[in-house]
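Please look over the model below with its sheets and its chain-to-chain interface in mind. The briefing that follows takes these topics in turn.

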Amino acid sequence: MTTPCPYSSRHNGGATGAPAIELKQLTKVFPGSSTPVLNAIDLTVPAGTIFGILGPNGAGKTTIMSTLCGLLKPTSGSVHICGSNAQTERATIKQVLGMVPQEPAIYPTLTARENLEYFGRMQGLSGEHLQQRILACLDVAEMVGEADKRVERLSGGYKRRLNMVIGLIHEPKILILDEPTVAIDPHSRSLIHHRLRELHAAGISILISTHQMDEAEQLCQEIAILDHGRVLVQGNVSDLLSMQASETIQLQIEGDPPADLAARLEHIPGLLEAHVAGQCLTVVTVRPDRVMIPLMQAMQDYGLAVRSLSFGTTSLEDVFLSHTDGKRASR
Amino acid sequence: MMDNLTKFWASIAKEARIIGRDHQALFLFFVMPVLFVLILSLALRDAFGDRPGATFDVLMVSQDPGEVTQSIVEAFRSNAHILLTQSNTASEAEARQWLIDGRYRFVVLVPADATAQAERRLGEIMAKVPPELRMEKPVELVVMADPALRSDFRKVLEGSLNLALHGVEMKLGREQLQQTMRATQGENYVPLPDMEKSRLFEPVRGETVTRKGSGPTPTSVQQNAPAWTLLAMFFLTVPLSVSFIREREQGSLFRLQTMTVPAWVVLGGKAVPYFVINLIQMASILAVSVYVLPLLGGDRLELGNAPLALLLIGGSASLAAIGFGIAVAMYARTTEQATSFSSATVMIMAALGGILVPKAVMPPLMQEVAILSPLSWGLDGFLDVFVRGGGVQQVLPEALSLLAFSAICHGIAIMRYRSQT
């Protein structure tokens, strides 16, 4: 991990005043369908951030990415990238963006170097500059020794690393990654995370779509949670975590709690939701100070011993679940 | 523009590398078509041109030493389709059995005194004996044919036989006339002119006439070399379309679509290596037909005198095939769809276009329908050069038709590609 980031200082700061990506009322309805895949999405990715898009399958993440790359035309609304309109200034946009698809989009019978060279040329690079970029990208992927092996003979981890650095060959200002570490070995995953942080430090704006909450929590400064084509929540990761944490109380109960425990607690004023998983009781409330004492009283009344109690800490997964699965229980 | 040209060359180089590393595909591209041409040209050697083609075993049983037997033997021997066996001992029953056994397809039994009987009857006719008082009847030959023998071939054999007998009548009649003249004119007798030198009609020999004018019938190799070149070219649509769909499935096409790469660079970069493969296929098939086939006992392919015309028709056919392949790739969703659709369509176009079955043996309606197939245009173009001695001007209509087909296919493909991005 001693390799220097291949980015020059030209990206440092990243911000040119305009956000990296700005979606306004973006709606996409596929022909023959009445249900919008994207429904009036408003989303702003500030320049120089690592931004995560989270959402269950079918939430609309891939549609957003395809629209950003100019592969899909929005039904209505607008997409601006670094201040340029994605529909009318497509050539400019394509130079600014680096796309890393979920599955390795590479030629298996070509070597890693040949893949980089080909896609580099397709990005308009040539001569000495192209050779320098190829070496830099091989360096970033830590696969200089594998450069002249055919891709079909490389491991899945190497393929994913190569897939990522091909997206960097033309030094884009914005890197878009679709599930970059799915089904990957821990070493490659760690390397990709490390490189993404380096890229971020060099001023690159990064938009990452992921299912892996720990990944989003570790990498992203901001996230948006999508479901059914709508943005359910968007904001700074620490803010979302602290907001969620202050609303959740978790109790570890000794022995098996009764099956109807959650229902029995519904009468507590201020309690929004309660659910039991094994010996863990999770309670959601907007007024933990008012709920805490009646809750402990109820435990005592039902003869349940509390082994541990946590309040004020939570994970992004809890945030995600509370805005997707958990939503149906809110009142 | 320069930037796009650089991308174009890079695309060609990438595709050439991918193809060059697929050894199985290279075998199929270059070795299989050459083998096909060799095998089919040798196997079908006798079904084309002036070669004897189908031959029939014919038995003639005769103890007649005279003119009748000699004339029939002479007529049958001059026909390359007849393999004549003579017997002067076999009985009618034996001959019949041999026919049933399939040893012979056609049997002629000549009565032992056929010539003498004919001469006696001629004498009566010349002596003006009234028909009802004549002692001799016309000579009757027994003719038996294998029921499996095609009726048109049987008619050819019967025609040859009747012609020979008619010749005997003429010859015997002439001899009789000369004898009579010698007897009546005495010192003043002047022999009749030599029949061979005094023919009223030139012997007929059919000339093959095509819609472009006259020329020789294509030999087996003249038909097969261009036919299999064209089929190989059009079968390249299968790997071409599959290669496109694989790129789509692998995501590399998606990645290219996120870059500033014009459609013509992506499609052209794929097309050019396949165009070169097509030209190499054509050159190798023609070279084998010229230099290798004669060593194996086949006919040598006569290339004509217009290499530019060959290049024009070959290049146009290749562009038509590539256009078709790319258009298929743009619409097929899976490699299975592309493979089955392109191979089935190419086979239908080949069958229609006179590639699998020469147009000359098709019924008139099918010959009209053949015009619909681009492979037929290509084949006609090649035959213009090989068989009809044509040049660039003669192949231009076919070449332009193929180029128009190619332009339409490429246009459809580019529109589809753009609509997908």
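In what order do the 4 strands of the open sheet in chain A lie, and is the pairing parallel or antiparallel? In this predicted model, the order is E2-E1-E4-E5, and the strands of this chain A sheet pair in the antiparallel sense. Chain B also has an open sheet of 4 strands, for which the order is E2-E1-E3-E4 and the pairing is mixed. The two chains touch each other, with 23 residues of chain B in contact with 28 residues of chain A.

- Helix H1 of chain A, which covers residues 61-68, lies across strand E1 (21-28), E2 and E4 of chain A, and its direction is at about 115 degrees to E1(A).

**A hairpin in chain A**

- Strand E9 (residues 222-227) and strand E10 (residues 230-236) of chain A run antiparallel and are joined by 6 bridges, with A:Gly235 of E10(A) as the bridge partner of A:Ile223.
- The hairpin of E9(A) and E10(A) has 2 residues between the strands, and in this hairpin A:His228 takes a positive phi near 50 degrees.

**The open sheet of chain B**

- In the sheet with the order E2-E1-E3-E4, strand E2 (82-87) and strand E4 (142-145) of chain B stand at the edges with a single partner strand each, so one side of each has no neighbour in the sheet.
- Strand E1 (residues 56-62) and strand E3 (residues 106-110) of chain B run parallel and are joined by 5 bridges, and B:Ser62 has B:Val110 of E3(B) as its bridge partner.
- Two helices of chain B can be described against this sheet: helix H3 (residues 67-77) lies across E1, E2 and E3 of chain B, running at about 155 degrees to E2(B), while helix H4 (residues 92-100) lies across E1, E3 and E4 of chain B, running at about 20 degrees to E4(B).

**The interface of chain B and chain A**

- Between them the two chains bury about 2500 Å², of which 60% is on carbon and sulfur atoms; of the area that chain B buries against chain A, 28% is supplied by B:Arg21, B:Arg255 and B:Met259, more than by any other three residues.
- The count of salt bridges between chain B and chain A is 2, and one of them joins A:Glu114 to B:Arg17, with the closest N and O atoms 3.4 Å apart.
- Across this interface, 13 residue pairs are found in polar contact, with both residues at pLDDT 80 or more.
- The elements that give two or more residues to the side of chain B that touches chain A are helix H1 (2-20), helix H8 (237-250) and helix H9 (252-257) of chain B, and the largest share, 8 residues, comes from H1(B).
- By class, the side of chain B that touches chain A has 6 nonpolar, 10 polar and 7 charged residues.

Definitions and conventions: Residues are numbered from 1 along each chain as its sequence is written. Chains are lettered from A and ligands numbered from 1 in the order in which they are written. This is a predicted model: local features need pLDDT of at least 70, side-chain atom pairs count only at pLDDT 80 or more; totals for chains, interfaces and linings use all residues. Side-chain values use heavy atoms; hydrogens and water are left out. Two strands pair if DSSP finds at least two bridges between them. Contact means heavy atoms within 4.5 Å. Axes are lines fitted to C-alpha atoms, for helices over the stretch in contact, and angles run from 0 to 180 degrees between N-to-C directions. Buried area is the accessible area (1.4 Å probe) that two parts lose on being put together, summed over both. A salt bridge is a side-chain nitrogen of Lys or Arg within 4 Å of a carboxyl oxygen of Asp or Glu. A polar contact is a pair of N or O atoms within 3.5 Å; within protein, one must be able to donate a hydrogen and the other to accept it, and residues adjacent in sequence count only if both atoms are side-chain atoms. Ala, Val, Leu, Ile, Met, Phe, Trp, Tyr, Cys and Pro count as nonpolar, Asp, Glu, Lys and Arg as charged, and the others, Gly among them, as polar.
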